[in-house]
Amino acid sequence: MDYSFDFQSVSFGPLWEGLIVTLQLTIAANLIGIVFGFPLALLIMSRFAPARLPAMLFVEFFRCTPAIVQIVWFFYCVPMLFNVFLGSMTMGIMALGLNLMAFNAEAYRAAIQAVPREQLDASIALGLNPLQRTLYIVLPTAVRASIPVLLTNGIGIFQQSALVAIVAVQDLMYQAKTLATETYRPIETFTVVALVYFAVSFPVSQIVGYLERRRQLIMS
Amino acid sequence: MTLDFSIVLRFQEALALGLWMTIKLTLICVVLGCSLGFSIGLARTSRSALLRAASSIYVEFFRGTPVLVQLFWIFFCLPLILGVELSNLTSGVIALTLYMGAISSETFRASLKSIGPEQLDACVALDLPRRVQVTSVILPQAVLRAVPTLLSNCVSLFKESALVSAVGMADLMFVGQNISNNTARPVEVLTVVALIYFVIAFPLTRAVTLVERRVLAKLAI
């Protein structure tokens, strides 16, 4: 191999700006996913079919199509179908947020189903109404149980957020593509960018591993 | 605006070609990726620290970076480093196989871990050689337990394969985007593309649930 590396040509200014955009996308999408995923999970589990079926369709659709298709669809079709023109950042957040909502809803559902039967019996015996039961009994237990999966999904969306570069949102990946083309230094640029993504997601996945181990210890 | 889905029918052959590319890519990478994943899974549980460290770095790196970045790296950097031209298909296969290898090695590792120590004790008591332990005791159980998760890994791979459109491989997504750009009918074309992906992936996810129930019943846990 006769390639001479030149990491000097990787300018960190644009990459830093890109990383900020990527993090903004990730955090905003996670807020949407964590907050709205829970009611969606309740809808999926509802006994009332007209509420359950659309919710299930929504979740299955987001889980069974590629994220890139969803994002491209969102950017091209939403403005045409609904005649709304939002900034690319807002669109990116919404596309990623809806995707994460579907995945988090599944995580919440598993956690809700794992809430012990006795707790529900007890809450009925205490005369709590369904709303109180959901808010004070199911929600706290289920949210705590689903934290590892929510975090894993959160890193997932951090990685998926690289896809918005394809529809020209100026995130880390987009800046990397521009920089690589401008400097003719793809190896250095993409290696640095891969390391940046890794540096963010690796610690989070370690935390997930730690939380899961601790949970298993508590359970056993 | 008026929607006219009949426009998609005019391009059904192109879409079929794209779909075939997507399926071909997925199948090749499933086979290669699962074999790679199993060896890496074994390496991660091996007694040699070097082997363990190397395989962990590989897995963590591929799980910790976006697949899009991996694809770009392999498409643009690998040919420069190796000094040879790689065809689109080869680069795509390399990238997705490495990705599939990383995620399925985790699956195999988890299933290897779930095989109780009493099984190994029994192997020792029966004085089975290491090779027989692996091929006749560990492998069948590990694979059986891994099947449901492997299937859902395959669904992920099928979905991630749409990323190769970003580097110009003519898969279903690429063909769909091309048609939608040329006809200025993104709503119809992209919706149909999304539906095609859905129609394939959805039954597979149902199959995962079914297989899971079967496997659990068979293992009686």
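How much of the chain is helix and how much is strand over residues 82-103 of chain A? Over this span chain A is 77% helix and 0% strand, and its end C-alpha atoms are 25 Å apart. Helices here (H or I, at least four residues) and strands (E, at least two) are DSSP runs, numbered from the N terminus.

The structure is a predicted model, in which local features need pLDDT of at least 70, side-chain atom pairs count only at pLDDT 80 or more, and totals for chains, interfaces and linings use all residues. Residues are numbered from 1 along each chain as its sequence is written, while chains are lettered from A and ligands numbered from 1 in the order in which they are written. The model scores ipTM 0.84 and pTM 0.86. For chain B, the mean pLDDT (the predictor's confidence in each residue, from 0 to 100) is 87, and 99% of the residues reach 70 or more.

Residues 57-76 of chain A are 85% helix and 0% strand, with 22 Å between the end C-alpha atoms. Helix 1 of chain A (residues 12-44) has 33 residues and spans 45 Å from its first C-alpha to its last, close to the 48 Å expected, where the expected span is 1.5 Å times one less than the number of residues. This helix has a kink of about 35° at A:Gly37, shortly before the proline A:Pro39; the bend is the angle between axes fitted to the seven residues ending there and the seven starting there.

The two chains also meet. The contact takes 32 residues from chain A and 32 residues from chain B, with two residues counted as in contact if their C-beta atoms, placed from the backbone, lie within 7 Å. On the chain A side, helix 2 (49-63), helix 3 (67-82), helix 7 (172-183) and helix 8 (186-219) each supply at least two residues. Helix 8 of chain A gives the most, with 10 residues.

In chain B, the unreviewed UniProt entry places "domain: ABC transmembrane type-1" at residues 19-208. This stretch of chain B is 84% helix and 0% strand, and its end C-alpha atoms lie 22 Å apart. B:Arg10 is found in the loop between helix 1 (6-9) and helix 2 (12-44) of chain B.

Terms used
UniProt positions are given in the numbering used here, feature names are shortened, and annotations may be inferred rather than shown by experiment.
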